[in-house]
Amino acid sequence: MGRITLERVQKKFGDVEVIPPLDLTIEDGEFVVFVGPSGCGKSTLLRLIAGLEDVSGGEIRIDGTAATDLPPAKRGLAMVFQSYALYPHMSVRKNIAFPLKMAGMDEEERRRRVDRAAEVLNLTDYLDRRPGQLSGGQRQRVAIGRAIVREPAAFLFDEPLSNLDAALRVGMRLEISELHERLKTTMIYVTHDQVEAMTMADKIVVLRAGNIEQVGSPIDLYRRPRNLFVAGFIGSPK
Ligand code: ADP
Ligand code: MG
């Protein structure tokens, strides 16, 4: 399960309102992309959902349960950080198992979950290596593996491909889409890249200065942009 609702969720930093009160529903199993120019509030919105920032107002619900005041670890969501957040001195297996070890899971169950995640991600042959012995794409997969083993209600990605080169980015984009097909778990994916948004999303949320300009499927936004901002954003290739 992974239905997430935001009701009048607002964020201020000091006196500056970065996210005016907004409503949004993300259905279980949806691949939702937050897209918009740099500084529009994409990361802040994702961090509010993850619990890494406190809301200034409003309510967040995850599968019907009030989550607004829950710490990140209690929300059942997994934030996928960029591959550089891996521990260089630990093996791939230990890197992937790390959140489970922190949660106090026994070794047998940890091993089972890491083996299964490695299989899904084609990392089985690399479990004994260190991150420095892997390609950029493999390292990104390890970062995703670390999220998969927690069996979260939703995966949250913040521009996970932005530090990869162009060719690798295309490959990883396909891999993440395939992963969604296989797991059918809710994914929220932040990007400023229109191509990623149009090719990956079931539903696109277009943000400008913290406001939702439009929500819809890629084809909806392409055919019926609500205003020039959406049209310009969706229409202009990178
Ligand atoms: P995006 O991810 O779309 O580039 P962010 O969510 O990072 O945008 O930032 C949205 C706005 O909030 C920006 O103006 C940014 O400067 C501001 N902001 C983000 N985090 C903080 C913070 N911790 N303190 C003050 N301002 C912040
Ligand atoms: Mg950001």
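This is a short tour of a predicted model, stop by stop, for you to follow in your viewer.

Residues are numbered from 1 along each chain as its sequence is written, while chains are lettered from A and ligands numbered from 1 in the order in which they are written. In this predicted model, local features need pLDDT of at least 70, side-chain atom pairs count only at pLDDT 80 or more, and totals for chains, interfaces and linings use all residues.

Colour by confidence to begin. The protein has an average pLDDT of 94, and 99% of the residues score at least 70; pLDDT is the predictor's confidence in each residue, from 0 to 100. For the complex, the predictor gives an ipTM of 0.98 and a pTM of 0.93.

**Ligand 1**

Select ligand 1 and the residues around it: F13, V18, G36, S38, G39, C40, G41, K42, S43 and T44. A residue counts as near if its C-beta atom, placed from the backbone, lies within 6 Å of the molecule. Which helix gives the largest share of this shell? Helix α1 (residues 42-50) does, with three residues. Helices here are DSSP runs (H or I, at least four residues) and strands likewise (E, at least two), numbered from the N terminus. By class, the shell holds three nonpolar, six polar and one charged. Ala, Val, Leu, Ile, Met, Phe, Trp, Tyr, Cys and Pro count as nonpolar, Asp, Glu, Lys and Arg as charged, and the others, Gly among them, as polar.

**Helices α2 and α4**

Next, show α2 (residues 92-102) and α4 (residues 136-148), which pack at an angle of about 35° with their axes 7 Å apart. Axes are lines fitted to C-alpha atoms, for helices over the stretch in contact, and angles run from 0 to 180 degrees between N-to-C directions. From α2, select V92, N95, I96, F98 and P99; from α4, take V142, G145 and R146. These residues make the contact, defined by C-beta atoms, placed from the backbone, within 7 Å.

Stay on α2 and pick its buried residues: V92, R93, N95, I96, A97 and L100. Buried means 20 or more other C-beta atoms within 10 Å of a residue's own, exposed 12 or fewer, and partly exposed in between, with C-beta atoms placed from the backbone. Their cover includes α3 (107-120) and α4. After α2 comes G104, with a positive phi near 85°.

**Two loop residues**

Finally, go to E151, in the loop between α4 and β7 (154-158). E151 is not a glycine, yet its phi is positive, about 50°. Then select E159, in the loop between β7 and α5 (166-183), where phi is also positive, about 45°.

Conventions: Contact = placed C-beta atoms within 7 Å.
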